[in-house]
Amino acid sequence: MIPALFAGLWLGASLVNGLTPMGILEGLFDTAQTYVVNVLADSDRATIIVFTCLIAGMVGITTRNGGMKALVDRVIAVARTRRSAQLSVGGMGLIIFFDDYANTLVVGNTARAMTDRLRVSREKLAYLVDATAAPIACLALVSTWIGYEVSLIDEAIKDLKGLPPTSAYLLFVNSLAYSFYPILAIVFVFLVGGTGRDFGPMLNAETRALGGDIGAKNSSGSDDEMQAAEGANSPPSFAILPIVAVLITLGTGLYLTGEGDSLVDIVGSADAYKAMIWSSLAGTLVAFLTTLLGRSLSLEGTVSAWFGGLRSVLPGVIVLILAWALSEVTGELGAADFVVRNLSDTIRPELLPVLVFLLAALTAFGTGASWGTMAILVPLVVPLCWALLMANEQTADLHILYSSIACVLTGAVWGDHCSPISDTTVLSSIASGCDHVEHVRTQLPYALSVGAVSILLGTLPSAFGLSPYICMALGAIALFLILKKVGKPAGQPAEEPPHDGAQRQRDHA
């Protein structure tokens with residue numbers, strides 16, 4: 001994604017300077033000296049980068065000091081059966097909501113011994129890890145994703161004429177009700193774990209695991225910086241306290257910087273960037289202090305752990321900077337105006353969210369990058385949606401705008417789940433000790449099922465005015481019925497070969 005974004009930035013800068021040999025050369029130097037520098041000079045964008053780095057550093061400390069592992073071990077202790085083991089893994093995925101990489105590596109590596117002992121296949125563990133990592137991180141009000149998503153929305157609404165006064169953070173919060181895929185993906189995780197039913201290749205993998213073959217693969221290559229340090233033995237509170245500090249400081253910051261009588265007015269007028277910086281700094285300081293006072297790590301080890309967490313998000317930060325720079329150059333070229341001009345009279349507003357969801361999914365599937373997909377589509381989709389609403393005199397229907405924003409973000413997650421070249425898909429395989437091809441093969445039917453239900457019972461009817469909460473409930477019921485109808489308990493292969501009577505008796509025994 002980084003070379004692709006740089007190539008697009010260079011081409012855009014060359015077009016601005018004139019597509020001549022000299023213009024191409026000037027465009028190359030302008031990528032850094034003009035567009036990237038302008039991005040970094042913007043205080044709001046710099047705030048997002050600092051916030052992301054501080055949160056990632058906090059995650060690195062709470063992981064290396066052993067607090068995160070202790071928290072996960074506490075959850076694992078209640079697992080006694082295959083079903084409870086799967087539900088425990090899903091619960092751990094929800095607890096580590098602030099970063100998808102940390103979620104994947106911590107949960108996968110920590111839960112593997114438990115799921116192996118209870119004969120849960122490595123394919124199932126990889127699915128449970130993958131299906132709760134990005135979905136919960138993209139929904140959480142505090143995560144390494146939130147700053148990125150809010151910044152893209154903020155950039156996209158700056159020049160929208162006629163849009164009622166609002167903030168990018170409030171638009172993001174309102175879009176959560178239309179985030180059908182990640183919410184239903186999490187629901188499906190608990191349906192699969194709670195019912196003990198599976199279908200497709202996953203059913204065969206679980207049946208094989210019951211026979212003792214869990215599908216183990218050497219998991220070397222997992223990121224040591226995102227695991228507990230050797231000898232670190234912190235209590236779960238060392239992971240909980242920094243998270244609590246982040247949540248309390250964020251809420252306090254939004255309240256202090258906002259104005260109005262209602263909660264919506266306060267959050268809408270609040271300085272979300274300032275509140276995010278305060279909260280990430282508070283969480284990092286609490287993580288530092290608990291680690292040092294508890295003597296879990298030395299000062300050098302704590303600083304090293306902070307840098308380890310920062311390094312885990314560095315590729316994402318680079319993608320973000322290049323995406324912002326690309327947005328600058330496409331703004332100069334009038335790309336959004338071009339798209340709006342050519343499509344605003346040809347698409348019905350109610351159909352836009354579905355089209356956006358599918359486009360985001362295809363882009364993320366092909367690139368394996370959900371963040372890169374968001375960076376490409378948010379600056380184009382938001383102006384297009386608003387132009388469609390204005391052209392059709394539907395500017396009061398803000399639910400279509402909320403849904404379109406949600407569909408970029410969630411469609412990217414869906415395509416990322418289905419893609420074999422996705423970073424989180426690969427990390428899920430590594431952390432779970434699962435063959436990567438088998439992880440993709442067993443997860444794909446589940447991701448496609450949830451995606452189809454999200455479109456047919458979520459995005460489409462909600463765009464035409466049905467309450468998103470009713471749509472969410474219908475989607476959850478549909479997934480339960482699908483699992484009940486198609487799924488089977490492990491031990492019953494998806495396609496049983498014919499047996500003679502004697503063979504059936506032996507199999508039963």
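## Arginine 208 and its partner

With a relative accessibility of 27%, arginine 208 counts as partly exposed. In this predicted model, its side chain meets that of aspartate 213 in a salt bridge, at 3.6 Å from N to O. Aspartate 213 is also partly exposed, as its relative accessibility is 42%.

## Where α7 meets α11

Arg208 belongs to helix α11, and along with Met202, Ala205 and Glu206 it meets Glu123, Lys124 and Tyr127 of helix α7. By class, this contact holds three nonpolar and four charged residues, with no polar ones.

How do the two helices pack? The axes of α7 (residues 122-139) and α11 (residues 201-210) lie 8 Å apart, at an angle of about 130 degrees. The helices are therefore oblique to each other.

Because lysine 124 sits in α7 and glutamate 206 in α11, the pair ties together parts that are 82 residues apart in sequence. Both lysine 124 and glutamate 206 are buried.

## Other places to look

The salt bridge count for the model is nine. One of them joins arginine 348 to glutamate 350, with the closest N and O atoms 3.1 Å apart. Here arginine 348 is partly exposed at 49% relative accessibility, whereas glutamate 350, at 11%, counts as buried.

Helix α14 (residues 272-293) has 22 residues and spans 31 Å from first to last C-alpha, close to the expected 32 Å. After α14 comes arginine 295, with a positive phi near 55 degrees.

Technical notes. Residues numbered from 1 in each chain as written. Predicted model: local features only at pLDDT ≥ 70, side-chain atom pairs only at ≥ 80, totals over all residues. Heavy atoms only, no water. Helix = DSSP H or I, 4+ residues; strand = E, 2+ residues; numbered from the N terminus. Expected span 1.5 Å × (residues − 1). Axes fitted to C-alpha atoms, helices over the stretch in contact; angles between N-to-C directions. Parallel < 35°, antiparallel > 145°, perpendicular 65-115°, else oblique. Contact = heavy atoms within 4.5 Å. Nonpolar A, V, L, I, M, F, W, Y, C, P; charged D, E, K, R; others polar. Salt bridge = Lys/Arg side-chain N within 4 Å of Asp/Glu carboxyl O. Buried < 20%, exposed > 50% of the residue type's maximum accessible area, 1.4 Å probe, protein only.
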